[in-house]
Amino acid sequence: PSGACTIGCSSSSSENRMDPKSGAAARRTAAASLVRMPKPPLPDKLNAFLERPNPAVMATLRSGGAPVTVATWYLWEEGRVLLNLDARRKRLQHLRRDPHVSLTVLAERNWYQHVSLHGRVASIADDAELIDIDRLSRHYTGHPYGDRKHARVSAWVVLESWHRWRV
C-alpha cells in the first residue's frame with residue numbers, strides 16, 4: 001500500500017525513508033537485544049516489587065508452539081517463582097511438555113510499571129495438603145484457599161532472564 005512502512009522504516013515529514021538498519025541488519029539488532037536481557041540476581045528494588053501481591057500474567061507454550069497466557073498468583077522467594085495450578089488445567093500439561101515460562105508482574109495501580117521474568121520450571125509436585133495454594137491465597141486475599149476439593153500442583157520456576165519497565 002502507498003505510504004506503508006515495513007521493518008527498518010522511519011518517518012520524516014511526509015515521507016517514509018529506509019533506516020540504515022533495515023532487513024537483516026534490523027533482525028540481527030533485535031536478536032542481539034534479546035541476548036542482552038539481564039540475568040539474575042535482581043536488584044533489591046525489583047525483589048521488593050516482586051514480593052508484593054501484584055497481579056501477574058503467566059505465559060506457556062501450546063504443543064504447536066503458540067503462546068497462551070493466563071492471569072495467575074505467584075510468590076517470589078529467594079530468586080525463584082512459586083506457581084500453583086489446578087491439576088486439571090491445560091497449562092499444567094504445557095509446562096510438563098515444555099518447561100519454558102514467562103511471568104509478567106504488573107504494578108497494582110499502574111500496569112505500565114512491570115517486571116517480566118523468563119525461566120524454566122525446575123520442579124513440579126503435588127500440593128496434596130494445599131499448603132502452597134494456601135500460602136498464595138493468604139498473600140493475595142488474606143485467607144486460605146476456598147476450593148478444598150480439587151487437586152493442586154506446585155511449580156517452582158528458576159529465573160533465566162528478566163526485564164523491567166518503569167520500576
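This is a predicted model: local features need pLDDT of at least 70, side-chain atom pairs count only at pLDDT 80 or more; totals for chains, interfaces and linings use all residues.
Q: Why are the buried residues of α3 said to lie on one side?
A: The residues are Arg91, Leu92, His94 and Leu95. They cover an arc of only 155° around the axis, so they fall on the same side of α3. The arc is that of the directions from the helix axis to the C-beta atoms.

Q: What covers that buried side?
A: The cover includes β3, β4, β6, β7, β8 and β9. α3 lies across these strands and runs at about 55° to β3. Axes are lines fitted to C-alpha atoms, for helices over the stretch in contact, and angles run from 0 to 180 degrees between N-to-C directions. Helix α4 (residues 131-141) also packs on the sheet, where it touches β5, β6 and β9. Its direction makes about 105° with that of β6.

Q: How do you know that β6 and β9 pair?
A: Two strands pair if DSSP finds at least two bridges between them. Strand β6 (residues 80-86) and strand β9 (residues 152-165) have seven, in the antiparallel sense. One of the bridges sets Asp86 against Arg152 in β9.

Q: What backs the pairing of β8 with β9?
A: There are 12 antiparallel bridges between β8 (residues 114-126) and β9. Arg120 has Val158 as its partner in β9. Ser123 has Trp156.

Q: Which bridges tie β7 to its partners β3 and β8?
A: Four bridges join β3 to β7, antiparallel, with Ala59 against Ser102 in β7. β7 and β8 share seven bridges, also antiparallel. There, Leu103 stands opposite Leu117 in β8.

Q: Why are β4 and β5 called edge strands?
A: The open sheet has seven strands in the order β4-β3-β7-β8-β9-β6-β5, with antiparallel pairing. β4 (67-72) and β5 (75-77) each have a single partner strand, so one side of each is left without a neighbour in the sheet. Neighbouring strands are turned by 30° against each other on average, direction ignored.

Q: What makes a set of residues a nonpolar core here?
A: The set holds buried Ala, Val, Leu, Ile, Met, Phe, Trp, Tyr and Cys residues joined through side-chain atoms within 4.5 Å. The largest such core has 26 residues. Leu50, Tyr74, Leu103 and Leu117 have the most contacts inside it. The largest share, five residues, comes from β9.

Q: What does Leu50 touch?
A: Contact means heavy atoms within 4.5 Å. Not counting residues up to four places away in sequence, Leu50 touches Leu42, Tyr74, Trp76, Val105, Val115 and Leu117. A second, separate core of six residues includes Leu75, Leu82, Leu136 and Trp156.

Q: Why is Ser161 called buried?
A: Ser161 lies in strand β9. Its relative accessible area is 10%, so it counts as buried. Leaving aside neighbours within four places in sequence, its contacts are Met37, Pro38, Lys39, Pro40, Ser116, Leu117 and His118.

Q: Why is the pair of Trp73 and Tyr140 called stacked?
A: Rings of Phe, Tyr and Trp (its six-membered ring) pair if their centres lie within 6.5 Å; planes under 30 degrees apart count as stacked, over 60 as edge-to-face and the rest as tilted. By this rule there are four aromatic pairs. Trp73 and Tyr140 have ring centres 5.4 Å apart and planes at 10°, so the pair is stacked. Trp73 lies in the loop between β4 and β5 and Tyr140 in helix α4, so the pair ties together parts 67 residues apart in sequence.

Q: What makes the pair of Trp73 and Tyr145 edge-to-face?
A: The centres are 6.2 Å apart and the planes stand at 85°, so the pair is edge-to-face. Tyr145 is in the loop between α4 and β9, 72 residues from Trp73. Trp73 has a relative accessible area of 27%, so it is partly exposed. Tyr145 is partly exposed too, at 22%. Ring pairs link Trp73, Tyr74, Tyr140 and Tyr145 into a cluster.

Technical notes
Residues are numbered from 1 along each chain as its sequence is written. Side-chain values use heavy atoms; hydrogens and water are left out. Helices (H or I, at least four residues) and strands (E, at least two) are DSSP runs, numbered from the N terminus. Buried means under 20% relative accessible area, exposed over 50%, partly exposed in between (1.4 Å probe, protein chains only).
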